[in-house]
Amino acid sequence: MSMVIVVGLVLSALVPLVVQLFPDGADLPVFAAAALPFLLALALIVRPGIAAPNRSGDAQAPERLGAALLLYLSPVLLLNIVYPLVSPSMAAVDVDGVPLTLVVLASSITVPWMAQAACLPIYRVLGDLMAERNLEDITRRFCQFWPMIFVQTLPLIAVFAVPMWLASGWSATVMLDYAVLCVLHLLFVQSLVLANVANRRGLWAIAWSGYAAALFIAPTVWWLPPLVGTVTQLIAMRSGLRHLGFSQRLGMRVFNLDLVRGLLMGAVLWADKFALFLVTKGDFQVVAVFAAMLPAVIAYNFYFVHLAPSVDRALNGLHRDIAEAPISSLKGSSRRLTRVVDRSVVLTGAIAALLTLSVSLVMAGVDPLHTLLAVAAAAASWGFMVLTLLSYELDFIGEKATPQILGGVHLAVCVLAFAAGGLFGPLTGAAGSYLLLGAVDAVLIAVAWMLYKHHWSQPEYTLFWRHATTW
């Protein structure tokens with residue numbers, strides 16, 4: 001799998017050079033060539049036995065995996081279909097001189113990063129209930145804490161709105177619409193936590209289907225899609241809604257620590273889009289940048305749909321052996337857990353690398369002028385995704401500070417790279433910024449990988465001492 005990663009990324013890097021040598025894209029069978037890495041990635045995704053067996057001893061069926069992955073990817077699939085259809089209608093509407101499409105785009109690149117921080121406190125309060133999957137208990141706890149957590153997270157809007165206002169120079173009217181959009185999306189993404197924790201992929205897809213339907217039917221009613229999406233989740237909660245109230249809350253110290261942790265770890269995947277918008281005031285090649293991030297998004301979702309449960313099962317097995325089995329059996333459980341975690345990270349990286357090559361070839365055929373930007377952003381996004389996974393694995397085993405440091409370094413370099421986007425000679429603008437950020441992230445990935453291997457080489461001891469020091 002490591003060789004697949006190297007080959008996929010190296011061939012992707014050569015695509016802009018090939019475009020320069022053969023500027024007539026029609027002479028290149030790029031679409032046929034793009035099909036091969038795509039099919040190889042698809043084979044890695046669906047091949048039987050790719051994950052650890054479940055408790056019944058059977059690997060997850062490819063058709064079930066495909067259905068779960070499609071449901072989980074519903075926001076990506078639906079919005080990539082609907083947005084191009086409604087963009088002309090949205091572009092015809094101005095908000096105090098600013099096209100509505102630009103305001104919506106600003107919200108769209110803000111919310112994913114903001115959501116990483118805004119949802120983390122909810123996962124904290126549900127943490128002890130997640131293993132048993134008791135939907136009634138989870139819903140009750142969620143409804144008890146959600147109203148106050150939502151209120152506590154509202155100051156997050158200012159964290160993003162202030163730099164947006166300073167960079168864009170938008171009027172108070174435009175900024176108010178942007179802030180309201182962020183608030184409504186904040187409510188929406190927090191409402192989705194319940195479906196995610198309960199593993200209700202169908203409910204997740206229903207929420208995004210309602211969102212996309214509202215966007216398609218009334219594209220200029222900008223506040224409607226997140227509201228419709230939230231209503232679908234409120235209907236699913238039903239009797240649990242009677243527990244809604246403001247009496248239950250997290251302490252501010254714990255809450256703020258979660259917000260900072262979420263912002264720093266979420267910055268790795270999402271800060272570049274926000275920084276790019278600020279620097280360009282939204283005037284960038286949206287199609288190239290968003291197409292470039294698709295491989296990382298698909299592989300990232302594949303990890304959490306199919307591979308993360310295997311890691312959880314292997315980890316639970318090790319915990320059982322630590323509690324019940326003789327010490328001699330721990331090495332076997334430890335080796336199994338390490339193999340599952342290693343395979344999950346490397347396999348996700350391989351799938352993303354193949355999809356990166358496929359997208360790079362497609363962009364070379366569709367938009368040769370912006371192939372360098374697409375390839376640079378896609379390769380950098382591969383690094384963002386791998387660094388995020390390694391950070392999660394470090395966080396998972398109890399290394400809380402290290403992922404935040406990695407995220408903080410990435411964020412600082414991201415700001416500098418995009419602020420200095422015009423200083424790279426022929427590699428000007430966003431492409432140069434992505435190349436610089438990707439190069440620095442390669443170093444961060446190497447550091448994260450060494451730390452990951454160190455802490456996961458003997459997980460039984462790491463987990464035991466993490467637990468022992470809390471006594």
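The model is predicted, so local features need pLDDT of at least 70 and side-chain atom pairs count only at pLDDT 80 or more, while totals for chains, interfaces and linings use all residues. Residues are numbered from 1 along each chain as its sequence is written, and side-chain values use heavy atoms, with hydrogens and water left out.

I start with the charged residues. A salt bridge here is a side-chain nitrogen of Lys or Arg within 4 Å of a carboxyl oxygen of Asp or Glu. By that rule there are seven salt bridges. Arg-124, Asp-258, Arg-261, Asp-395 and Lys-400 are linked in a network of them.

Take Asp-258 and Arg-124, whose side chains meet at 2.6 Å, N to O. This pair links distant parts of the chain, 134 residues apart: Asp-258 is in helix α11 (residues 252-280) and Arg-124 in helix α5 (residues 100-126). Helices are DSSP runs of H or I with at least four residues, strands are runs of E with at least two, and both are numbered from the N terminus. Is Asp-258 buried or exposed? Asp-258 counts as buried because its relative accessibility is 2%; the cut-offs are under 20% for buried, over 50% for exposed and partly exposed in between, with a 1.4 Å probe and protein chains only. Arg-124, at 43%, is partly exposed.

Asp-258 also forms a salt bridge with Arg-261, the closest N and O atoms being 3.8 Å apart. Those two are three residues apart in helix α11, so about one helical turn separates them.

Next is Asp-395, in helix α14 (residues 371-396). Asp-395 is buried at 8%, and its side chain has a salt bridge to Lys-400 at 3.4 Å, N to O. Lys-400 is partly exposed, at 39%.

Now helix α9, residues 201-217. Its 17 residues reach 24 Å from first C-alpha to last, close to the 24 Å expected, where the expected span is 1.5 Å times one less than the number of residues. Its buried residues include Trp-204, Trp-208 and Tyr-211.

Asn-199 has a positive phi of about 60 degrees although it is not a glycine. Asp-96, in the loop between β1 (94-95) and β2 (98-99), also has a positive phi, near 50 degrees.

Last, Leu-14 is in helix α1 (residues 2-21) and is partly exposed at 40%.
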